[in-house]
Amino acid sequence: MQALKIGDKAVYPAQGVAEVVGVETKEMMGKRMSFYVLRVLDSDMKIMVPKDKAEDVGLREVIDEQEVEDVKDVLRERDVRFDRQTWNRRYRGFMQKLKTGSIYDVAEVFRDLYLLKNSKVLSFGERRMLDTARTLLVQEMSVAKRARPEAMTLELEQIFQN
């Protein structure tokens, strides 16, 4: 990942797209450290990430337009097997995928939960996770395509109408 500048957009795992609003240097335990100061677009939450640990925590650049099409291909995949595991075990597996920060993992979580809800009632946690995955996808894909989030939400819904 290239060094981020103020105004750049990046993705922070499980939080979504954030804007770099500053770079600060602080002294911690006798060492001077530089931090990216991020503002999460969806929640306005501020996050400070050590510059030298940015990749380790999963901070990454927003996908490009070609990758948006690759994500849509993941969403269109229908040959998905659901293990006969309890909802909480499934939930933990999905949560691990969301924490990776990979847009493809987020797309798999969204696709799997969306398809699963057609065959059974989702638990409260699974419904919230479906909403979270949708929000993360819509956010990043709309930034990548420079599109309105409403238009991207409609595109996602249309993928599952076919």
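Predicted model: local features only at pLDDT ≥ 70, side-chain atom pairs only at ≥ 80, totals over all residues.
Biologist: Thanks, I will. What makes that space a cavity rather than a pocket?

Modeller: The test is whether a 1.4 Å probe that fits inside can get out; a cavity is a space where it cannot, whereas a pocket is open. Rolling a probe the size of a water molecule over the atoms shows where empty space is left. The search of the whole structure finds 1 cavity of 30 Å³ or more. The volume of the largest cavity is about 70 Å³. Fifteen residues line the largest cavity, and Val11, Arg60, Val106, Leu136 and Glu140 are the closest to its centre.

Biologist: Which elements each supply at least two residues of that lining?

Modeller: Strand 1 (9-12), strand 2 (16-28), helix 3 (103-116) and helix 4 each do. Sorted by class, the lining of the largest cavity has 9 nonpolar, 4 polar and 2 charged residues.

Biologist: Could we step back to the whole chain? How many helices and strands are there?

Modeller: The protein chain has 5 helices and 5 strands. Read from the N terminus, their order is β-β-β-β-β-α-α-α-α-α. Along the principal axes, the C-alpha atoms fill a box of roughly 55 × 35 × 25 Å. Of the 162 residues in the chain, 40% are buried.

Biologist: And now the pockets. Which residues line the second largest pocket?

Modeller: Its lining is made of Ala14, Tyr91, Met95, Leu98, Gly125, Arg128, Met129 and Thr132. Two elements give two or more residues to this lining, helix 2 (87-100) and helix 4 (124-145). Helix 4 gives the most here too, with 4 residues. The space in the second largest pocket is about 160 Å³.

Biologist: Helix 4 keeps coming up. At what angle does helix 4 pack with helix 1?

Modeller: Helix 1 (residues 65-76) and helix 4 pack at about 145°, and their axes are 8 Å apart. This crossing is left-handed. In the contact, helix 1 brings Glu65, Val68, Glu69, Val71, Lys72 and Leu75, while helix 4 brings Leu137, Met141, Ala144 and Lys145. Those residues divide into 6 nonpolar, no polar and 4 charged.

Biologist: What is the handedness of the crossing of helix 4 and helix 5?

Modeller: That crossing is right-handed. Helix 4 and helix 5 (residues 149-159) pack at an angle of about 120°, with axes 9 Å apart. Arg134, Leu137, Val138, Met141, Ser142 and Lys145 of helix 4 meet Pro149, Met152, Thr153, Glu155, Leu156 and Glu157 of helix 5. By class, 6 are nonpolar, 2 polar and 4 charged.

Biologist: Is aspartate 44 buried, partly exposed or exposed?

Modeller: Partly exposed: its relative accessible area is 49%, and the class runs between 20% and 50%.

Biologist: And why is arginine 78 called partly exposed?

Modeller: Its relative accessibility is 36%, and that value falls between the 20% and 50% limits. Arginine 78 lies in the loop between helix 1 and helix 2. Setting aside neighbours within four places in sequence, arginine 78 is in contact with Arg111, Leu115, Ile159 and Phe160.

Biologist: How far apart are arginine 78 and arginine 111?

Modeller: They are 33 residues apart in sequence and 8.7 Å apart in space, C-alpha to C-alpha.

Key:
Residues numbered from 1 in each chain as written. Heavy atoms only, no water. 1 Å grid on protein atoms, 1.4 Å probe; cavity = no way out; pocket = protein on both sides within 12 Å on 5 of 7 lines; lining within 4 Å. Points joined across faces, edges and corners; volume = space filled by probe spheres on them. Axes fitted to C-alpha atoms, helices over the stretch in contact; angles between N-to-C directions. Left-handed = near helix turned anticlockwise from the far one by under 90°. Contact = heavy atoms within 4.5 Å. Nonpolar A, V, L, I, M, F, W, Y, C, P; charged D, E, K, R; others polar. Buried < 20%, exposed > 50% of the residue type's maximum accessible area, 1.4 Å probe, protein only.
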